[in-house]
Amino acid sequence: MKIPNMIYGTAWKKENTTDLVFQALKQGFKGIDTACQPKHYREDLVGLGLLKAYEIGIKREDLFIQTKFTPIDGQDRNNMPYLASDDIEVQVEKSFETSKKNLKTDFIDSYILHSPIYEANKFQRVWQKMEEFYDKKEVGYLGISNCYELDILKFLFSNAKVKPSFVQNRFYSQSGYDKEIRAFCEENNIIYQSFWSLTANPHILNSDILRKISLKYNKSEALIFYRFLNHIKIIPLNGTTSLNHMIEDLKISEFELSKEEIEDISSILK
């Protein structure tokens, strides 16, 4: 499965989720990110958006669908895909089955643990259950999100039979832009996905460097930054609700930044 260079993010879209997913796919997005976490996502409406896309000829096999198991600490206790009293493996199983039903598919391209579990035994049990889905060929890749401590990622990597293929983190200055984590990912064939790439970085988007490059290429500052992220081996999530921005941002592969421009933007991250 070809992994897209940008993924459409569906968090916080609420009742607009179906139409936004449909529009994103219609304009040319090939990747969709969601989660079985009703608190922040309408995964069921993502599925309806997918069905609308299939009706106009978009094929399931051409899409990269990514969803997540959200541990109980990240859930709304009054609206969860499992019971608080369920064993942890049952929680993962129920969440996964709900995701497949919501997304109208028997195969999830990428299944992500939404956040680390700070109890080693439970952490391993959750990952082992996710590995079962991989072994049954119900999942293409496994990954972890919101993992900002290198030791936790190393623990997972060293103990996993099926190694994580993705780390999906907020890309922001408070974490030092995950410099050490990204280096570990590159050394171990893990792809880093970024979210909040624009929201957390207005100082970059408004910088003289981005403005200058934006004028040169006649592209928005946002698209320049997304292209930069691709150049440094990051797949950004894009959660725009604007049709115009969808169209613009999908031009991400139409140009290349120079080595000097990449270095100039990198200097702002330090």
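Let me begin with the pairing of strand S1, residues 7-9, which runs parallel to S8 and is joined to it by two bridges. Strands pair if DSSP finds at least two bridges between them; strands (E, at least two residues) and helices (H or I, at least four) are DSSP runs, numbered from the N terminus. This is a predicted model, in which local features need pLDDT of at least 70 and side-chain atom pairs count only at pLDDT 80 or more, while totals for chains, interfaces and linings use all residues. Residues are numbered from 1 along each chain as its sequence is written, and side-chain values use heavy atoms, leaving out hydrogens and water.

Within S8, Leu-237 is the bridge partner of Ile-7. Strand S7, residues 191-195, also pairs with S8 in the parallel sense, over three bridges, and there Gln-193 stands opposite Ile-235.

How many of the five residues of S8 are buried? Five of five are buried, that is, under 20% relative accessible area with a 1.4 Å probe and protein chains only; exposed is over 50%, and partly exposed lies in between. Ile-234, Pro-236 and Asn-238 cover one side, Ile-235 and Leu-237 the other.

I turn now to the rings. The whole structure holds 15 aromatic pairs, defined for Phe, Tyr and Trp (its six-membered ring) by centres within 6.5 Å, with planes under 30 degrees apart stacked, over 60 edge-to-face and the rest tilted.
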